Amino acid sequence: MIEVRWHGRGGQGSFTIAKLLGMAASVYGGKYAQAFPSFGPERRGAPVLGFTRIDEKKITDRSEVDRCDYVVVLDETLWGDSVLSGLKKDTVIIVNTDRPEKYSGIVENKIVAIDGTKLALEILGRPITNTAMMGALIAVGGFVSLDDCKKAIENGMHARIAKKNILLIDKAYNMVKEA
Amino acid sequence: MGKKLFISGNDAVAEGVRLAKPHVISAYPITPQTIAVERLSEMVEDGSLRAEYMHVESEHSALACAMGVSSVGARAFTATSSQGLLYMAECLPYASGARMPIVMMNANRALATPWNIYGDQMDSMFLINSGWIQVYVEDAQEALDMMIQAYKIAEHEEVMTPMMVNLDGFVLTHTYELVEIPEQNKVDEFLPPINMTKQKMDVDNPKSLCISAGNDFNMEFKIKQEMDMKNSVTVIEGVDKEFGDKFGRYYNGMLEEYRCEDAQVILITTGSVTGTSRIVVDALREEGKKVGLLKLRYLRPFPAEGISDTVKNAKVVGVIDKNISFGFEGTIFTNVNSALITLEKTPKTINFIGGLGGRDITKKNIDEMFESLLKEASGEKQERIQYMNVRCMG
């Protein structure tokens, strides 16, 4: 089973993307998935977590995710103990930053840096980085196809924003693949 | 095969209710049930569910309204949680005593004080004596399927009893997963429109409903209610079998045993913790340990015979309770012990109380429970009541 933990702030779409990844893997990818937020009251701007579990067989685990395979940080101001908790040796951290050098060698884990904010501003005109970060994640992880993610965006997002988000995931995915 | 959607437990409830075609939905929103009733109000608004949506002023009114609907022979749905269920409480025995086949979703949530919006089963356990059938589901698919089964069971002329479908707050209501949506025409075949001929307000056949009965007749009403609740087991099992034949998903009626063959120790669960426990059972079986799992689907009627029959050869039985009956023990534990006392050779029993106010029950916790059960089985005395994953003990 692959377990992904998303770190963002309320309003940045971190749970939306946890859900879209699950939808891509299950509805379009033929696998099984679970997606859930950190449970509790929702507040704009407050740190929130999203979780996605993906497996070849039905997922019956209902306990919290304690060790994850991928950590995706939508907002680097959240970097700290919560991002660095529950890591395995081979957990990959994907962080949205314009200064990748800040993260080189600071932990043993592999870190993939991408300037999701810049891409989002270019394409969406707003600093909403969730689809860019999904692109980076699947480029690194390869456990869900780009096509299935595009289908999830097309069917899971409002039509008026889906098109641009497909452009955004494409660009982020290719940027990480080529790096 | 119906289409598959990636949706939450709350969405699944709403989809199931839409397929069951109630005439009226009366509800008051409360976390973590809110999304279920929001979806239903959207479905009424967009015309995909031809029902009346009544946004009432309180939970008490929500059920009172559902009783009005049911009394004219129409299909009623309501949903609540926690303090909302308790606020509604006065109406619960009214509805069950009047034999109204209302279906309610309850999102299991903690009770104040301390105020807490997370999941446990204190709320529905509070109302276990309300005369409602109580079923507990394990995932979103079962939630959807039970909305459809619930009307068929509740409206059966030999049952005529309201039914509460419980799903764990947040862990089920707010988790998204793959759910198959049955086709409407197949649901229509399985669940025809409600047809209450004997017991409704009818100008051509006037009668009195919600009557009073003094000491000359009251007891007869209550004993007949009890007999029908007990006899509903046959209907519950029959409806589940028919549902499986039609839609390909069987839930084994009252309870489901998982790897209980030759098990030395068996853990009894309800709701979502069952899924996590399956993983631990599989892992321990790999190690050659003789462990099994028994999922209780229904708490009322209580599957006493099924429980005793499943665990009769086990040495030790554990019971997970996400509730406490203060001053005694977990409510399910009390019920299970009462069922087991009928056996000639009674297994030892241990109560694991956990998951209160949303506290996680981890795979490690469940592993510890099995370890304790196995120790007891090998003669090493264990605490009879154990509190899991808590800081204030020892």
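**Reading the sheet and its surroundings**

Tutor: Strand 1 of chain A and strand 3 of chain A pair in the antiparallel sense over eight bridges. Please bear in mind that this is a predicted model. In general, strands of a sheet pair through backbone hydrogen bonds, either parallel or antiparallel. Here, Trp6(A) has Gly50(A) in strand 3 of chain A as its bridge partner.

Student: Which strand is joined to strand 3 of chain A by six bridges?

Tutor: That is strand 2 of chain A, which runs antiparallel to strand 3 of chain A. In this pairing, Ala33(A) is found opposite Ile54(A). Strand 3 of chain A, residues 47–55, is mostly covered, with seven of its nine residues buried.

Student: What joins strand 2 of chain A to strand 8 of chain B?

Tutor: Two bridges do so, and the two strands run antiparallel. Ala35(A) stands opposite Tyr176(B), a residue of strand 8 of chain B. Strand 8 of chain B also pairs with strand 1 of chain B, in the antiparallel sense and over five bridges. There, Phe6(B) faces Leu178(B) as its opposite residue.

Student: In what order do the strands of the open sheet follow one another?

Tutor: The open sheet has eight strands in the order 6(A)-5(A)-4(A)-1(A)-3(A)-2(A)-8(B)-1(B), and its pairing is mixed. From one strand to the next, the twist averages 25 degrees.

Student: Which helices lie across strands of chain A or chain B?

Tutor: One of them is helix 4 of chain A, which lies across strands 1, 4, 5 and 6 of chain A and runs at about 145 degrees to strand 5 of chain A. In chain B, helix 7 (residues 140–154) lies across strand 1 and strand 8, at about 45 degrees to strand 8 of chain B.

Student: How is the packing of helix 4 of chain A with helix 6 of chain A described?

Tutor: Two packed helices are described by the angle between their axes and the distance between the axes. For helix 4 (residues 130–141) and helix 6 (residues 159–178) of chain A, the angle is about 40 degrees and the axes are 7 Å apart. Helix 4 of chain A passes helix 6 of chain A in a right-handed crossing. The contributors to the contact include Met134(A) and Ile138(A) from helix 4 of chain A, and Leu168(A) and Tyr173(A) from helix 6 of chain A. By class, the residues of this contact are 11 nonpolar, three polar and one charged.

Student: How many residues of each chain are in contact across the two chains?

Tutor: The size of an interface is often given as the accessible area lost when the parts come together. Here we count residues instead: 23 residues of chain B are in contact with 18 residues of chain A. On the side of chain B that touches chain A, strand 1, strand 8 and helix 10 of chain B each give two or more residues. Helix 10 of chain B supplies the largest share, five residues. That side of chain B has 11 nonpolar, seven polar and five charged residues.

Student: Why is the radius of gyration of chain B said to agree with that of a compact globule?

Tutor: Because a compact globule of 394 residues would have a radius of gyration near 21 Å, and chain B has 21 Å. Of these 394 residues, 51% count as buried. The secondary structure of chain B comprises 13 helices and 15 strands.

Notes:
Residues numbered from 1 in each chain as written. Chains lettered and ligands numbered in written order. Predicted model: local features only at pLDDT ≥ 70, side-chain atom pairs only at ≥ 80, totals over all residues. Contact = placed C-beta atoms within 7 Å. Helix = DSSP H or I, 4+ residues; strand = E, 2+ residues; numbered from the N terminus. Nonpolar A, V, L, I, M, F, W, Y, C, P; charged D, E, K, R; others polar. Pairing = 2+ DSSP bridges. Axes fitted to C-alpha atoms, helices over the stretch in contact; angles between N-to-C directions. Left-handed = near helix turned anticlockwise from the far one by under 90°. Rg over C-alpha atoms; globule rule 2.2 N^0.38 Å. Buried ≥ 20, exposed ≤ 12 C-beta atoms within 10 Å, placed from the backbone.
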